[in-house]
Amino acid sequence: MTIEQQRIQYKTIRNSLPQPFRGEWREIERAFAYLDTPPTPSEWVSELCKFSTEVGQYLQAHNAWVMLRSEDHHGWGEDHDPTQIKGWGDHLDLRTKTTLLRRQFNEDMQTMVSYDEWRESRDW
């Protein structure tokens, strides 16, 4: 792949990032620019692809968690703010946030199943 093709690929992937994550990528770009040996064009594309994949996984986990909680507004309420998740912090990387969302999803699912089983045992 030529350098020009890599630039086009880089620009395309970068422009496909959802707005809130573009700023985070700019910070990563700045950090890479200050390295003693700056990344090659193919390394830039590779790192951006990794970041884009992490963004996709985060969004998928977040959307699944919100949808699960949206099924029962009375039980969970209207607020689906991940900052309420135990261990959550703005300083965490996307991979860690994704793991926390998936863990919370599983805990919420277990709570829902336990509640449903409890209700069935009560002959409602």
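Is Trp-65 buried or exposed? Trp-65 counts as buried, at 2% relative accessibility. This is a predicted model, and the values below are computed from it.

## Trp-65 and its surroundings

Trp-65 sits in helix H3. Leu-101 is 36 residues from Trp-65 in sequence. In space the two C-alpha atoms are 6.9 Å apart.

## The H3–H5 packing

Trp-65 is one of the H3 residues that meet H5. Helix H3 covers residues 41-70, and helix H5 covers residues 94-121. Their axes come within 9 Å. They cross at roughly 20 degrees. Angles under 35 degrees count as roughly parallel, and H3 and H5 are therefore roughly parallel to each other. The crossing is left-handed.

Which residues of H3 meet H5? On the H3 side they are Phe-51, Glu-54, Val-55, Gln-57, Tyr-58, Ala-61, His-62, Ala-64, Trp-65, Leu-68 and Arg-69. The H5 side supplies Leu-94, Arg-95, Lys-97, Thr-98, Leu-101, Arg-102, Gln-104, Phe-105, Asp-108, Met-109 and Met-112. By class, the residues of this contact divide into 12 nonpolar, four polar and six charged.

Thr-99 also lies in helix H5. With 38% relative accessibility, Thr-99 counts as partly exposed. Thr-99 and Asp-81 are 18 residues apart in sequence. Their C-alpha atoms are 15 Å apart in space.

## Aromatic pairs

A pair of aromatic rings is described by the distance of the centres and the angle of the planes. The structure holds six aromatic pairs. Two of them are set out here.

| Pair | Centre to centre | Angle between planes | Geometry |
|---|---|---|---|
| Trp-25 and Phe-51 | 5.4 Å | 35 degrees | tilted |
| Phe-32 and Trp-44 | 5.5 Å | 85 degrees | edge-to-face |

Why does the pair of Trp-25 and Phe-51 tie together parts that are 26 residues apart in sequence? Trp-25 lies in helix H2, residues 19-33, and Phe-51 lies in helix H3, so the pair spans that separation. Trp-25 is buried, with a relative accessible area of 1%. Phe-51 counts as buried too, at 5% relative accessibility. Phe-51 is also among the H3 residues that meet H5.

The pair of Phe-32 and Trp-44 links distant parts of the chain as well. Phe-32 is in helix H2 and Trp-44 in helix H3, 12 residues apart. Both Phe-32 and Trp-44 are buried.

Which residues form one aromatic cluster? They are Tyr-10, Trp-25, Phe-32, Trp-44 and Phe-51.

## Gln-6 in helix H1

Gln-6 belongs to helix H1, residues 3-16. Is Gln-6 buried or exposed? Gln-6 is buried, with a relative accessible area of 13%. Setting aside neighbours within four places in sequence, Gln-6 is in contact with Met-1, Pro-41, Ser-42 and Val-45.

Key
Residues numbered from 1 in each chain as written. Predicted model: local features only at pLDDT ≥ 70, side-chain atom pairs only at ≥ 80, totals over all residues. Heavy atoms only, no water. Axes fitted to C-alpha atoms, helices over the stretch in contact; angles between N-to-C directions. Helix = DSSP H or I, 4+ residues; strand = E, 2+ residues; numbered from the N terminus. Parallel < 35°, antiparallel > 145°, perpendicular 65-115°, else oblique. Left-handed = near helix turned anticlockwise from the far one by under 90°. Contact = heavy atoms within 4.5 Å. Nonpolar A, V, L, I, M, F, W, Y, C, P; charged D, E, K, R; others polar. Phe/Tyr/Trp six-rings, centres within 6.5 Å; stacked < 30°, edge-to-face > 60°. Buried < 20%, exposed > 50% of the residue type's maximum accessible area, 1.4 Å probe, protein only.
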